[in-house]
Amino acid sequence: MSKTEDFLTVSEEQEIVQAIVEAEKDTSGEIRVHIEEHSEKPPLERAQEVFFTLNMQNTKDRNGVLFYVGVADKHFAIIGDEGINKVVDANFWNSTKDIVIDNFKNKNNKDGLVNGIREAGKRLKEFFPYQSDDIDELSNEISKG
């Protein structure tokens with residue numbers, strides 16, 4: 001098995017998808033998780049590349065969020081689209097990132113992502129509350145590279 005396959009079990013992946021569904025009940029923001037084995041690129045650069053590959057920039061309010069995990073390299077990045085970046089302060093993602101990384105350090109991969117997704121949903125709710133006409137614009141499934 002690859003490190004990517006060992007990173008999460010199938011049931012843990014389902015729990016992460018459920019966390020995305022629940023977080024998106026409170027915000028019009030769109031959250032995705034991408035997991036891959038390795039990239040030669042720095043994590044933020046690779047996360048931006050994946051963001052555009054997944055067409056996350058195509059949301060109506062430009063409020064997509066990507067949790068990027070490079071398993072073999074022990075890389076993690078969280079990035080938001082320009083709609084988010086225009087209204088939040090520069091360190092907006094730090095608390096969410098800290099939650100994820102602290103859990104990863106303790107080998108709690110699923111908990112890190114689930115708790116980080118929940119935190120992101122809470123934080124996004126302030127700026128992008130759920131709207132009654134909100135539609136789920138992006139897949140909630142975990143993408144893998």
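Good morning. Phe92 and Trp93 are both buried, where buried means under 20% relative accessible area, exposed over 50% and partly exposed in between, for a 1.4 Å probe and protein chains only. This is a predicted model, in which local features need pLDDT of at least 70 and side-chain atom pairs count only at pLDDT 80 or more, while totals for chains, interfaces and linings use all residues. Residues are numbered from 1 along each chain as its sequence is written, and side-chain values use heavy atoms, with hydrogens and water left out.

I turn to strand 2. Strand 2 covers residues 64-70, and seven of its seven residues are buried; helices (H or I, at least four residues) and strands (E, at least two) are DSSP runs, numbered from the N terminus. Gly64, Leu66, Tyr68 and Gly70 point one way, and Val65, Phe67 and Val69 the other.

What are the pairing partners of strand 2? Strand 1, residues 30-36, pairs with strand 2 in the parallel sense over seven bridges; pairing requires at least two DSSP bridges between the strands. Strand 3, residues 75-80, runs antiparallel to strand 2 and is joined to strand 2 by six bridges. Strands 2 and 3 form a hairpin with four residues between them, and Lys74 in the turn has a positive phi of about 55 degrees.

The largest nonpolar core has 29 residues, and Ile16, Ile31, Val33, Phe67, Leu113 and Ile117 have the most contacts inside it. Such a core is a set of buried Ala, Val, Leu, Ile, Met, Phe, Trp, Tyr and Cys residues joined through side-chain atoms within 4.5 Å. A second, separate core of nine residues includes Leu66, Tyr68, Ala77 and Ile79.

Finally, the aromatic rings. The structure holds six aromatic pairs; rings of Phe, Tyr and Trp (its six-membered ring) pair if their centres lie within 6.5 Å, with planes under 30 degrees apart counted as stacked, over 60 as edge-to-face and the rest as tilted. Why is the pair of Phe76 and Phe104 edge-to-face? The ring centres of Phe76 and Phe104 are 5.8 Å apart and the planes stand at 85 degrees, so the pair is edge-to-face. Phe76 lies in strand 3 and Phe104 in helix 5, 28 residues apart. Phe76 counts as buried because its relative accessibility is 12%, and Phe104 is buried at 17%. Phe92 and Trp93 also form an edge-to-face pair, 4.7 Å centre to centre with 80 degrees between the planes.
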